[in-house]
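Open the model in your viewer and keep the selection tool at hand. The stops below go from one selection to the next.

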Protein chains: 2
Amino acid sequence: MANISDIAKQAGVSKSTVSRVLNGHKHVSKEKRRIILDVMERLEYSPNGNAINLSRGKTNTIGVLVPRVGHPFFHQLLEGIGLVCMERNHTLLVIQTEHDPAKEEASMQYLRDKRIDGLIIGAISQPQLLETMRTVGPVVACEDHQDIVPSLFFNHGKAITMLLQHVEERGAKTVGLCLGNPDSGVGRVRREAFDQYLKTSTLCHGIQWYADRCYSFEDGQALAGQLLTIDLPDAIIVGNDEVAAGLIDQFRKDGIRVPEDIAITGFDDVPIARALEITTIRQPVVMLGRLAAEQLLSDALNQSESASSLLEPSLMIRQTT
Amino acid sequence: MANISDIAKQAGVSKSTVSRVLNGHKHVSKEKRRIILDVMERLEYSPNGNAINLSRGKTNTIGVLVPRVGHPFFHQLLEGIGLVCMERNHTLLVIQTEHDPAKEEASMQYLRDKRIDGLIIGAISQPQLLETMRTVGPVVACEDHQDIVPSLFFNHGKAITMLLQHVEERGAKTVGLCLGNPDSGVGRVRREAFDQYLKTSTLCHGIQWYADRCYSFEDGQALAGQLLTIDLPDAIIVGNDEVAAGLIDQFRKDGIRVPEDIAITGFDDVPIARALEITTIRQPVVMLGRLAAEQLLSDALNQSESASSLLEPSLMIRQTT
DNA sequence: TTGAAAGCGTTACCAA
DNA sequence: TTGGTAACGCTTTCAA
């Protein structure tokens, strides 16, 4: 593979001059520029990205930390981030943590490493890591960690409150809760809002109606099975549409009527929620991804103060409540 | 930020020795190793990734080309690839093309660039590009381009045949077809298999029962509306579970019974297909991602001959046929 | 407008 | 077991 020296030699100029045309600098004579471009063409020259990165001290690459790209929230987030990357000529490095603390910690290495210019946190189970991360490079979170790093996130607390209010209005006296990862920022916020709401309401909750680490349709089906062995609550708030769908599916198979016997709410408004007419929360996740990426990029360029902001959810009322 | 020279100086050894402990080489005295590690700790040293990449001539990073990460097929593929990357200590660079030819072409740059060690093609609209790509670095495709590059892909033709055979056995005399992008490789293969089957069977198809560019739940609902203005076929083969779900949903709302009045099949076996009990085709997409990544990595290491292979679909018979 | 040379932070070869 | 030094391929500063 030809390198910059080969080009310089063949064109009869110095590396500096070649570098100048490479970077579109002025102050290069028309003739030399033409010769250099010719030689490049002839030798099928292509600059080495790592050398550029090393020399410039930056990579035009941003990393994003997600537990799993298959999860609807995260792949929508990735899509938004990816779009901004395209527009602004950046590259997207995806780090899947599978909620593994060790992997979360290892991800910091990329930043330290200088292999990425900045990092977007999709979700993190050890927020304390953020303290160190932000000393290593620009970080933006898509969960509420605004006391530590700039954060853009949905008002999950408000969403939970809206759901509880809604099922209560529909006449529920008892309510269950099913979360994904209870240790994530989102998990904790949801849990807190749930507990908070109950304190000021006559709605009842008992530990037998609590579950977590439910992520899939099948997890929902399994949960339905468990719930059937006890008295059902009047309503259950589920942190994810697919899990809600699994619950509904299994309940109906077992002759439990939704919403008459139990009201069920989902989260995210993915297609399955529309198909099953699930009452759920809609959030513009792709947009969140875009905003986070834009924030990070302008941050990395010191173009603006880093700010946090809270995006509002909307309640989609359908047939399961 | 401390670099390797700083460490060497403070530890009173040469860069070479530091490099040796960094890479876990033997032939370093216990004592020096300890001193060096101490200094590293004290200075919070972290090696520069770009320098390593440049020096080694490789990055332990693989790229993957997808139209859109939000599409179910592609995010499942990404998930599989991502898992292998984790296991084998590699990093995943995601390139979203949005079907844009210019972006597909630009993606080659990463390979040329040496910023990635290999490239996985999720989908590409200009297969001729692959000719050049494979001269630039290792490439594996997840569509059928086996005449050009190693390819791992599903047998879509077989899947269509299985579906047609199944609905015919169930008594269908007339059948419709609904595709996504008819110009994609997958679209063409499916169409061809469909036409082929009809030639050797008494099943009937008419142009009024054909549709394409249907991608979403809503597209399915709209299609149901259109079909209702004409005589329904006995069965319809739909290229995507979400579209099938939309069809079913709208039909049921309009009092059409599925499968009695019309049998409907989907494709992909995503959660919505399980929720609605849709007869569909299951393809282990995450596994395809894993296999492709493993193929690429062993390829990049010259560990094996590059081979292509055809993965078999399975028919999931449920309640809509 | 051009070129020489000093980085950038590693690895790896060759001697010692 | 160690160290010196030449790569790796580019950018950038300083002089000319």
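What covers the buried residues of H2(B), a helix of chain B? Keep in mind that this is a predicted model. Select helix H1 (4-11) and helix H3 (30-42) of chain B, which are among the elements covering those residues.

**Stop 1: helix H2 of chain B**

Now select residues 15-22 of chain B, which form H2(B), and highlight Thr17(B), Val18(B) and Val21(B), its buried residues. Look down the axis of H2(B): these buried residues fall within an arc of 100°, so they line one face of the helix. Step past the end of the helix to Gly24(B), which follows H2(B) and has a positive phi, near 65°.

**Stop 2: the interface of the two chains**

Show chain A and chain B together. The contact takes 45 residues from chain A and 45 residues from chain B. About 4,100 Å² is buried between the two chains, and carbon and sulfur atoms give 57% of that area. On the side of chain A, select Asn50(A), Met86(A) and Gln96(A): they supply 14% of the area that chain A buries against chain B, more than any other three residues.

**Stop 3: helix H10 in each chain**

Select residues 217-227 of chain A, helix H10, and colour Phe217(A), Gly220(A), Gln221(A), Leu223(A), Ala224(A) and Leu227(A), which are buried. They cover an arc of only 160° around the axis, which puts them on the same side of H10(A).

What do the buried residues of H10(A) pack against? Within chain A, the partners are strand E6 (175-178), strand E7 (210-211), strand E8 (235-238), helix H11 (241-253) and helix H12 (271-275). Chain B contributes its helix H12 (271-275) to this packing.

Move to helix H10 of chain B, residues 217-227, where the buried residues are Phe217(B), Gly220(B), Gln221(B), Leu223(B), Ala224(B) and Leu227(B). They fall within an arc of 160° when seen down the axis of H10(B), so they line one face of the helix. These residues pack against H12 of chain A, and within chain B against strands E6, E7 and E8 and helices H11 and H12.

**Stop 4: helices H6 and H7 of chain A**

Select residues 101-113 (H6) and 128-136 (H7) of chain A; the two axes come within 9 Å and cross at roughly 10°. That angle makes H6(A) roughly parallel to H7(A). From H6(A), show Glu104(A), Glu105(A), Ser107(A), Met108(A), Leu111(A) and Arg112(A); from H7(A), show Leu129(A), Thr132(A), Met133(A) and Val136(A), which complete the contact. By type, the residues of this contact divide into five nonpolar, two polar and three charged.

**Stop 5: two buried residues**

Select Val64(A), in strand E1 (residues 61-66) of chain A. Is Val64(A) buried or exposed? With a relative accessibility of 0%, Val64(A) counts as buried. Apart from neighbours within four places in sequence, Val64(A) is in contact with Leu78(A), Ile81(A), Leu92(A), Leu93(A), Val94(A), Ile95(A), Leu119(A) and Ile120(A). For a distance across the chain, pick the C-alpha atoms of Val64(A) and Ile264(A): the two residues are 200 residues apart along the chain, and these atoms are separated by 32 Å.

Next select Arg290(B), in helix H13 (residues 285-300) of chain B. Arg290(B) counts as buried, at 18% relative accessibility, the cut-off being under 20%. Leaving aside neighbours within four places in sequence, Arg290(B) is in contact with Gly80(B), Ile81(B), Leu83(B), Val84(B) and Glu87(B).

**Stop 6: backbone exceptions**

Most residues other than glycine have a negative phi, and most peptide bonds are trans. The selections here depart from that pattern.

- Glu98(A) has a positive phi of about 50°. Find Glu98(A) in the loop between strand E2 (91-96) and H6 of chain A; with a relative accessible area of 37%, Glu98(A) is partly exposed.
- Lys114(B) has a positive phi, near 70°. Lys114(B) lies in the loop between helix H6 (101-113) and strand E3 (118-121) of chain B and is partly exposed, at a relative accessible area of 30%.
- Val258(A) and Pro259(A) are joined by a cis peptide bond, with omega about 10°. Pro259(A) is in the loop between H11 and strand E9 (263-265) of chain A.
- In chain B, the peptide bond from Val258(B) to Pro259(B) is cis, with omega near 10°. The loop between H11 and strand E9 (263-265) of chain B holds Pro259(B).

Key. Residues are numbered from 1 along each chain as its sequence is written. Chains are lettered from A and ligands numbered from 1 in the order in which they are written. This is a predicted model: local features need pLDDT of at least 70, side-chain atom pairs count only at pLDDT 80 or more; totals for chains, interfaces and linings use all residues. Side-chain values use heavy atoms; hydrogens and water are left out. Buried means under 20% relative accessible area, exposed over 50%, partly exposed in between (1.4 Å probe, protein chains only). Helices (H or I, at least four residues) and strands (E, at least two) are DSSP runs, numbered from the N terminus. The arc is that of the directions from the helix axis to the C-beta atoms. Contact means heavy atoms within 4.5 Å. Axes are lines fitted to C-alpha atoms, for helices over the stretch in contact, and angles run from 0 to 180 degrees between N-to-C directions. Angles under 35 degrees count as roughly parallel, over 145 as roughly antiparallel, 65 to 115 as roughly perpendicular and the rest as oblique. Ala, Val, Leu, Ile, Met, Phe, Trp, Tyr, Cys and Pro count as nonpolar, Asp, Glu, Lys and Arg as charged, and the others, Gly among them, as polar. Buried area is the accessible area (1.4 Å probe) that two parts lose on being put together, summed over both.
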